Every structure is written in C-alpha cells, then in structure tokens.
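Reader: I am new to this structure. Could you take me through a helix pair and some salt bridges?

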Amino acid sequence: MTFSSETIRAWVDVDLAALVANARTIAAASGSRLLPMVKANGYGLGAVEVARALESVDPWGFGIASLDEAESLRTAGISRPILVATPLLPQWIERYLELDLRPSIGDPAALDAWISRTARPFHLEIDTGMSRAGVRWDDHAALGRLRASLVTAPGWEGAFTHFLDAESDMPGTERQWNRFQETLGTLPRRPALVHAANSAAALRGKCFAGDLVRPGIFLYGGAVSSAKPRPVAALRARVIATRSIARDDTVGYGAAWRAAQPGVVATLSIGYADGFPRSAGPQGLGPREIELNGTLVPLLGRVTMDMCMVLVKQDVAVGDIATVYGGVISIDRQAEAAGTISYELLTRLGPRLPRRYRRSP
C-alpha cells in the first residue's frame with residue numbers, strides 16, 4: 001500500500017532494526033539457530049518484510065501456519081526452508097511439493113500419505129501436554145505405527161513439541177521437555193533437528209534450546225516475563241475532529257460515557273476495524289489511554305469501527321498524530337487494558353493500515 005504522510009488516516013510504523021536486534025537477543029540467549037515464526041502475516045507486521053529483515057541473522061528457515069502464507073513468501077523470493085506449523089492433511093500434499101514446504105506430521109495416516117508420495121523433508125510433532133496437535137507422548141498404539149513407518153522414511157528431518165506455559169510454569173515445562181526426550185528415545189533414530197522452545201523458553205538459555213528455537217512474540221516487541229524487547233510496532237492515528245462538551249454531555253454509542261464537567265474531546269481516525277479492540281478489559285487492569293502530543297489521554301466510551309474519542313486538556317489540532325501503542329504506552333500495557341494479549345493486538349492490525357518500515361538503527 002502506498003504511504004502518504006499527508007493523506008493517510010492511520011498506520012503502523014515498523015522498526016525492522018529493532019526486530020533484528022530482538023532476534024539476536026534470542027539467538028545469544030539460547031545458543032541455537034533460529035526458526036522465526038512469521039505466521040499471521042508476520043504477526044501483523046508484514047511477513048515478507050519481516051522475513052527479509054531476519055535474513056541478516058541467518059535463520060534456518062521460517063515458520064508459518066497456512067499455504068497462503070507460504071505462497072506469499074515464495075512469491076517474494078524467500079528460499080529458505082519453510083515449516084508449516086498446522087498439521088498436514090493428505091489433500092494438501094501436492095501443494096506442499098509445489099511450494100517446497102516442510103509439513104508438520106503428527107498422525108500415522110498423514111505420515112504414510114507423505115512418505116508414499118515423496119522423500120522430501122518433514123517434521124514430526126509430538127504432543128507433550130498441549131492437547132492441540134501431534135501424536136500424544138502416551139499414545140503407544142499411534143507411536144508404534146509411526147515407529148514402523150519412520151524406519152523407512154528418508155525425509156524425516158525434524159521433531160518438535162509445543163510448550164504450553166514456558167513463561168510462568170517451569171515445572172510444567174520441564175515435565176513436557178522430559179516427555180519429549182523420552183518419546184524421542186523410543187523412535188528409530190534422533191532426527192537432525194529437534195526443537196521445542198518458543199520465545200519464553202529460548203530466553204531461559206540452553207536448557208530447552210535443542211537444535212532450533214522458534215521465537216515469536218519477543219521478536220515483534222512483546223515482553224516475555226521480565227525480558228523486555230526493543231519496541232517494534234507503533235500504531236498511529238490522526239486527530240480528525242475536536243469539540244467542546246458541556247457537563248452531562250455524552251460521548252459515543254450507547255451514551256457509555258457522560259461528562260462530569262466541561263471539556264474537549266478529540267476524535268481519532270482509528271477503530272476496531274483497524275485492530276484497536278472495542279472492549280475494555282476487566283476492572284482493575286488499568287485505564288485505556290492513548291499518547292497524544294506527549295501526554296496520555298483517556299479513551300472515552302466505546303471504540304467504534306473507524307474512530308475513537310479521547311478527552312484532552314492541552315491544545316490539540318486536527319491533523320495531530322496520536323500513538324496508540326509503541327511510544328510511552330507499550331503494546332503489552334495497551335493489551336492488558338483491553339483485556340487481551342500483545343499477540344492479539346498485533347495480529348488484529350487491519351489490512352487498510354499501511355505499514356511503514358524503518359530499516360536502519
């Protein structure tokens with residue numbers, strides 16, 4: 001999308017230098033090569049631009065979730081291995097081969113379908129407690145069938161599991177890691193690439209690193225426990241109207257906010273269709289505020305589809321630029337105030353928001 005600083009209503013500034021710096025932090029902490037997750041359009045920031053920027057850290061490859069995501073990377077000339085994190089369905093095999101993709105396989109039928117069609121690489125997913133996808137570590141019948149097929153599977157390149165709470169549950173993460181290692185020990189051989197660590201686990205050091213680590217949110221500026229990444233995304237919007245209000249005037253749909261005293265309201269050109277959530281979080285999670293001209297201003301009433309309103313005290317003019325997050329207010333703070341997580345704020349960013357990329361430090 002063409003970016004015009006004079007005419008655009010709202011946009012996302014993406015600091016690719018910060019993204020690369022966060023990747024280097026993960027690599028240094030884990031000591032392993034990176035398999036960055038660029039699914040969901042690079043967590044909303046543009047998968048192609050993100051992948052191109054991350055080439056500078058020499059990742060093993062990239063992780064995505066759908067064939068469409070993979071196709072966009074291949075069309076853009078990304079040639080590194082691509083692992084599709086979604087479990088393989090046999091009817092997708094031809095398309096995987098056309099795009100040269102590594103499938104995630106976690107059931108005997110999918111494995112047999114793959115190896116009967118091709119000797120290309122695949123990764124085996126082992127469910128160690130997430131209960132989402134992959135063969136369960138304690139499903140001895142399914143593991144037995146997989147073992148028999150793996151003996152003659154030349155494309156078996158990798159094996160992985162997915163931690164369910166590496167950020168705050170160390171005993172549970174260790175339990176999953178032990179289940180993973182024990183299951184690997186029962187298979188015909190250990191594949192070349194064993195991986196389990198997401199951002200949180202990778203930042204714990206080498207204990208869960210394996211041969212690859214799969215960072216996600218930390219790359220994109222989301223905090224992980226006490227580890228603070230460099231901010232990557234800044235969501236901006238213009239002031240498109242101002243008005244004075246009297247005591248008892250209401251603002252927005254449903255008269256959800258009523259003025260206790262006279263004041264000034266500024267309307268910002270951003271709403272839930274752009275990815276700024278309509279609802280506030282549960283009481284006690286903090287106010288919903290936006291940065292405007294260096295000051296934090298409170299959000300009034302309900303966010304609408306294309307606009308939202310804030311209460312201002314300083315001079316504000318039409319055309320001024322507000323920062324929803326990525327400046328004084330971090331993405332994590334804004335997510336908490338909305339009762340969600342930074343992952344969701346990023347991946348909600350709408351297609352009508354241009355992404356403006358900054359590449360130099």
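Reader: At what angle do the axes of helix H1 and helix H3 cross?
Author: This is a predicted model. H1 covers residues 16-30 and H3 covers residues 47-54. Their axes come within 9 Å. That makes H1 oblique to H3, with the axes crossing at roughly 55°.

Reader: Is the crossing of H1 and H3 left-handed or right-handed?
Author: In H1, Leu16, Leu19, Val20 and Ala23 make the contact. They meet Glu49, Val50, Ala53 and Leu54 in H3. By class, that contact has seven nonpolar, no polar and one charged residues. The crossing of H1 and H3 is right-handed.

Reader: Which residue forms a salt bridge with Asp274?
Author: The N to O distance is 3.0 Å. The pair links distant parts of the chain, 265 residues apart. Asp274 lies in the loop between strand S14 and strand S15. Its partner, in the segment before strand S1, is Arg9.

Reader: Is Asp13 buried or exposed?
Author: Asp13 in strand S1 pairs with Arg356 in strand S19, 343 residues away. Their salt bridge has an N to O distance of 2.6 Å. Arg356 is partly exposed at 34% relative accessibility. Asp13 has 12%, under the 20% cut-off, so Asp13 counts as buried.

Reader: Which helix holds both Arg348 and Glu344?
Author: These two form a salt bridge, with the closest N and O atoms 3.0 Å apart. They sit four residues apart, about one turn of the helix. Arg348 is partly exposed at 36%, and Glu344 is partly exposed at 31%. Both lie in helix H11.

Methods. Residues are numbered from 1 along each chain as its sequence is written. This is a predicted model: local features need pLDDT of at least 70, side-chain atom pairs count only at pLDDT 80 or more; totals for chains, interfaces and linings use all residues. Side-chain values use heavy atoms; hydrogens and water are left out. Axes are lines fitted to C-alpha atoms, for helices over the stretch in contact, and angles run from 0 to 180 degrees between N-to-C directions. Helices (H or I, at least four residues) and strands (E, at least two) are DSSP runs, numbered from the N terminus. Angles under 35 degrees count as roughly parallel, over 145 as roughly antiparallel, 65 to 115 as roughly perpendicular and the rest as oblique. A crossing is left-handed if the near helix is turned anticlockwise from the far one by less than a right angle, and right-handed if clockwise. Contact means heavy atoms within 4.5 Å. Ala, Val, Leu, Ile, Met, Phe, Trp, Tyr, Cys and Pro count as nonpolar, Asp, Glu, Lys and Arg as charged, and the others, Gly among them, as polar. A salt bridge is a side-chain nitrogen of Lys or Arg within 4 Å of a carboxyl oxygen of Asp or Glu. Buried means under 20% relative accessible area, exposed over 50%, partly exposed in between (1.4 Å probe, protein chains only).
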